[in-house]
Amino acid sequence: MKIETKSCVVTGKKDVAVINQQIDYQGQGTLVKITRGGICGSDLHYYEHGQVGDFKVREAMILGHEVVGVVEQSDTPRLKPGQKVALNPSKPCKTCKYCLSGDENQCTTMKFFGSAMYFPHINGAFTGYKIVDSDQCIAYDNQVSDQLMVFAEPLAVAIHAVNQAGDINGKKVFVSGVGPIGSLIVAAAKAKGAAEIVCADLSERCLSLAKSMGADTTIDAANGDFSSYQEQKGYFDVSFDASGHHTSIRRCLEVTRARGTLVQVGMGGAVPDFPMMMLIAKEISWVGSFRFTEEFATAVEWLANKVIDPMPLLSAEYPQDQFTTALDFALDKSKASKVQLVF
Ligand code: ZN
């Protein structure tokens with residue numbers, strides 16, 4: 001069955017378009033009518049720079065990996081036509097050593113929506129219709145709004161980051177950098193029982209959002225006074241660097257107590273004069289966090305059951321045809337947190 005679809009593609013730096021495409025559903029997997037999508041930092045990176053890290057866009061690639069939709073047809077009776085689904089953008093191989101041990105986010109041949117890591121590139125889901133593996137479809141109650149459920153993917157990233165810190169119940173937590181992911185980490189840490197959450201950021205707007213997501217205290221990253229948090233080798237049991245900037249990593253190391261944990265979520269470049277001795281002498285565990293595994297299903301469940309409310313983070317929504325306008329608005333960090341596209 002041939003289906004006409006309109007897709008939001010990037011072909012290079014500042015080169016995006018909405019184009020007509022045709023897909024062919026032959027009864028395998030699930031055909032999903034996409035209803036809504038959230039623009040993520042990596043989509044913006046492809047738009048602004050034509051690449052993410054070393055992965056350069058070399059052919060037209062559909063962007064987008066935070067999407068929800070409605071089942072049109074499926075190869076499994078579990079997914080009836082009309083059922084709302086959140087799409088897990090991860091497609092692990094299920095046969096490599098990491099997949100077999102449950103660490104699918106470390107799959108050696110992961111096919112993640114909207115990624116130029118491989119050639120041909122893995123298309124994303126900012127498109128009218130998409131064929132996906134049926135197990136990438138997480139059904140949710142049709143009463144729950146799409147606007148809300150589009151947060152499932154970034155929330156999964158945040159829950160995974162919190163899980164990387166171990167049991168966070170009763171702990172004192174610091175989050176450095178409260179863009180959408182940092183703020184969702186605040187919400188996830190609170191949901192998992194953190195005793196106190198302090199956030200730092202350069203943007204007053206982001207700090208006030210972090211507060212509405214559950215932060216107890218917010219501090220201006222540039223001019224705030226952190227001295228009390230540095231006393232006695234540090235105050236926080238767990239820090240999250242969601243900024244990736246070297247000054248933020250240094251700050252996290254300064255305020256994390258000896259034998260505490262620093263979870264690295266933000267992606268950044270080099271760290272000049274890396275404070276190696278602080279890491280060693282305070283015996284801090286510095287843990288990376290990348291994407292998610294079963295946390296995607298947890299995120300869908302949390303959103304459906306209102307465990308957390310991400311709506312303060314939604315800054316704007318645009319129809320699909322205004323893709324470029326939406327990207328430009330999302331790039332303006334003085335105004336935008338999460339921007340959604342409506343299909
Ligand atoms: Zn694998």
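Visitor: Where is the place of aspartate 273?

Guide: Aspartate 273 sits in the loop between strand β15 (256-264) and helix α9 (276-281). Helices (H or I, at least four residues) and strands (E, at least two) are DSSP runs, numbered from the N terminus. Residues are numbered from 1 along each chain as its sequence is written, and side-chain values use heavy atoms, with hydrogens and water left out. This is a predicted model, in which local features need pLDDT of at least 70 and side-chain atom pairs count only at pLDDT 80 or more, while totals for chains, interfaces and linings use all residues.

Visitor: Is aspartate 273 buried or exposed?

Guide: Aspartate 273 has a relative accessible area of 67%, so it counts as exposed. Buried means under 20% relative accessible area, exposed over 50%, and partly exposed in between (1.4 Å probe, protein chains only).

Visitor: And what is its phi?

Guide: Phi of aspartate 273 is near 50°, a positive value in a residue other than glycine. Most residues other than glycine have a negative phi, and most peptide bonds are trans.

Visitor: What about lysine 306, what is phi there?

Guide: Lysine 306 also is not glycine and has a positive phi, near 55°. Lysine 306 belongs to the loop between α10 and β17 (314-319). Its relative accessibility is 64%, so lysine 306 counts as exposed.

Visitor: Which residues does the cis peptide bond join?

Guide: The cis bond links phenylalanine 119 to proline 120, with omega about -5°. Proline 120 is in the loop between α2 and β9.

Visitor: Switching to helices. How do α4 and α5 cross?

Guide: Two packed helices are described by the angle between their axes and the distance between the axes. For α4 (residues 152-164) and α5 (residues 180-191), the axes come within 8 Å and cross at roughly 60°. Axes are lines fitted to C-alpha atoms, for helices over the stretch in contact, and angles run from 0 to 180 degrees between N-to-C directions. α4 and α5 are therefore oblique to each other. Angles under 35 degrees count as roughly parallel, over 145 as roughly antiparallel, 65 to 115 as roughly perpendicular, and the rest as oblique.

Visitor: Which residues make the contact of α4 and α5?

Guide: From α4 they are Pro154, Leu155, Val157, Ala158, Ile159, Ala161 and Val162, and from α5 they are Ile181, Leu184, Ile185, Ala188 and Ala189. Contact means heavy atoms within 4.5 Å. By class there are 12 nonpolar residues, no polar and no charged ones. Ala, Val, Leu, Ile, Met, Phe, Trp, Tyr, Cys and Pro count as nonpolar, Asp, Glu, Lys and Arg as charged, and the others, Gly among them, as polar.

Visitor: OK, and at what angle do α4 and α10 cross?

Guide: The axes of α4 and α10 (residues 295-304) cross at roughly 115° and come within 8 Å. On the α4 side the contact includes Ala152, Glu153 and His160, and on the α10 side it includes Glu295, Phe296 and Trp302. That contact divides into nine nonpolar, three polar and two charged residues.

Visitor: How far apart are the axes of α1 and α11?

Guide: The axes of α1 (residues 41-49) and α11 (residues 323-331) are 10 Å apart, and the helices pack at about 105°. α1 and α11 are therefore roughly perpendicular to each other. Leu44, Tyr47 and Glu48 of α1 meet Thr324, Leu327, Asp328, Ala330 and Leu331 of α11. By class, this contact has five nonpolar, one polar and two charged residues.

Visitor: Back to loops. Where is glutamine 136 found?

Guide: Glutamine 136 is in the loop between β9 (129-132) and β10 (137-139). With 4% relative accessibility, glutamine 136 counts as buried.

Visitor: What does its side chain reach?

Guide: The glutamine 136 side chain reaches the backbone oxygen of serine 90 at 3.3 Å. A polar contact is a pair of N or O atoms within 3.5 Å; within protein, one must be able to donate a hydrogen and the other to accept it, and residues adjacent in sequence count only if both atoms are side-chain atoms.

Visitor: And serine 90, buried or exposed?

Guide: Serine 90 is at 9% relative accessibility, so it counts as buried. Serine 90 lies in the loop between β8 (84-87) and α2 (97-100). Leaving out residues up to four places away in sequence, serine 90 touches Met110, Lys111, Phe112, Gln136 and Phe292.

Visitor: Last one. What does the side chain of aspartate 141 reach?

Guide: The aspartate 141 side chain reaches the backbone nitrogen of glutamine 143 at 2.8 Å. Aspartate 141 is in the loop between β10 and α3 (146-149). At 46% relative accessibility, aspartate 141 counts as partly exposed.
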